[in-house]
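Here's a quick briefing to read with the model open in your viewer.

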Amino acid sequence: MSLIHRIRSSGILARGLLEGAGSHRTLAVELERSSRQRPAQPFLLYEDRRFDYAQANRLVNRIAHTYRARGVRKGDVLALLMENRPEFVWHYLAAGKLGIVVALVNTRTRGDGLAHALTVCGASHLTVGSECLPAFLAVRDRVAPALVERCLVDEDDKGSESGTAGLARFEPSENATDPPETAEHVLGDTGAYIFTSGTTGLPKAAIMSYQRLTTLGRVMGGLAWRFEPGDVIYNCLPLFHTSALAISLSSVLAHGATLALGRRFSAGAFWDDIHRFEATGFNYIGEMCRYLVNTAPGDRDRGHRVRVIVGQGLQADIWAELQSRFAIPRIVEMYASTEGNTATINLSGTVGSVGKPRLGAALAKWDFERDDFVRDNGHLVRCGPGDSGVLLGPIRKRTPFAGYRDEGATRAKIVTDAFREGDALFNTGDVFRMDERKNLFFVDRLGDTYRYKGENVSTVEVQEQLVRWPGIAAANVYGVTVPGREGRAGMAAVVLAEGARFDGVALAAHLDAALPPYARPIFIRIRASLDTTATLKLAKLELQREGFAPREGEPIYVRDGGDEVYSELTPERYAAIAGEKEKR
């Protein structure tokens, strides 16, 4: 069955869920409607707490009225720094009721990256969960004083060792009525900024309209989840990511289902949560699935209600094992990027595939030696069956590209005069292989970004932090393949400063203060010099091919798993990492 036929048969069009930019059916409106139509139905489950739709709507309203009283208005930017807990959902939806743009800050970001995110999003107000307060206090002197003055601390039920450090506590209003302006906003309005790492280094704020935030959930609910009465979707991925925000939360709200929320992913506790919440589905990233299949078999592996899982990055080598061991009837693998204008969905169950290119998307051949597109008479060359190339999405009315707050970063992602004069396409930066049936299979990230543990890592940002350490004069960062792990592990080839010696303790401490855990390099190779291309760019391809294999005269240091410092990679350690599954 074609995708168009599936959309028609799913009832999405009949229910009016695919609406234009002028529609007022935002997620905040959907919450209010559900609070009237199904007030006693569970909306959110968290630990031992249960919130029905009516109760959730009242809690959201109380927060919205607090923001109104503090003068936060439509179009203002509110930065939200908070881990997964019900209050994240309440603040996010309260902002949607008032037309406030929410900048969803990665809670694992530290140092320069965090200060940059709070600045580049243009936030005039900030709400910090007490669990994230230490990270904010470490950079408070590097953000605008006005933002610090308007910072509110939402205290976690688990308490905070540091209190509020003199900052005002967030106090919900007693007013629990629906704000009158909720129905005034349209899907074309900007609803959020979601940060994504890219080739420019520090995180970029991708512009997300209400239409984008809701449509993906509406479509996924009809095509992928195929909701039935009583469905519960479990999500333990961070809500500041599109994969959790749209695939889970938006789908649940758009279809009146139930969301079970986990604080964070834990392989050991995962199936306990699935059973406790009686989940019928969960969303995933590939790394999470590999953790699950690498756990010891247990009596909780089966006997659950899960009938479908939806997500991205599930590799072919564990697909069948995941499905058979845990008795999962349907796996729906998809592809979408936070800021991108193209998406795919695998509804056929083809192992390893993300689906077929849709809405004019195309693969263009890429020259990995030249690090550029292959061209013929000035235009890009389309891929055929068996070829690998970069996925491009046409920029037009049906598939717009909203871009970033940084106009330069927006321009850098657009390819013009690609296949014909005057066209414009969004460059995903992702390489796919296409088979004879036009199924796409993910191959790799391009250039200055690689993916590890479900996160995009900017090599530029990591390089900048490495060379800030006094002992390193130059650095080249790239991702390498490690057996048994999703994506690529971070590796850096470095040149030590004159007279300096490598200090694995000091470097680890420096990187811990500057980078989130997933961005810290696993391997450091010491070199006498760094090679460059003909255009004087740092050469990465040969280094990637060499991987983390030891080489005479170039010692490698490793910091993996629970290691606190970098230590020399011995032949025994290399054999263990190269030959065994990653220990979870």
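Predicted model: local features only at pLDDT ≥ 70, side-chain atom pairs only at ≥ 80, totals over all residues.

Residues are numbered from 1 along each chain as its sequence is written, and side-chain values use heavy atoms, with hydrogens and water left out.

**The sheet**
- Eight strands make an open, mixed sheet, ordered β2-β1-β11-β10-β12-β13-β14-β15; strands are DSSP E runs of at least two residues, helices H or I runs of at least four, numbered from the N terminus, and two strands pair if DSSP finds at least two bridges between them.
- At the edges sit β2 (49-52) and β15 (343-345), each pairing on one side only.
- β1 (residues 42-46) and β2 run antiparallel, joined by four bridges, and Leu-45 has Arg-50 in β2 as its bridge partner.

**The lysine**
- You'll find Lys-413 in the loop between α13 (407-412) and β21 (414-416).
- Lys-413 is buried but has no salt bridge, with Glu-339, the nearest side chain of opposite charge, 4.7 Å away.
- Buried means under 20% relative accessible area (1.4 Å probe, protein chains only), and a salt bridge needs a side-chain nitrogen of Lys or Arg within 4 Å of a carboxyl oxygen of Asp or Glu.

**The cysteines**
- Searching the whole structure turns up zero disulfides, a disulfide being a pair of cysteine sulfur atoms within 2.5 Å.
- Cys-289 is in none, and the nearest cysteine sulfur, that of Cys-236, is 10.0 Å away.
- Cys-289 counts as buried because its relative accessibility is 0%; Cys-383 is buried too, at 11%.

How values were computed. Buried < 20%, exposed > 50% of the residue type's maximum accessible area, 1.4 Å probe, protein only. Lys, Arg positive; Asp, Glu negative; His and termini not counted.
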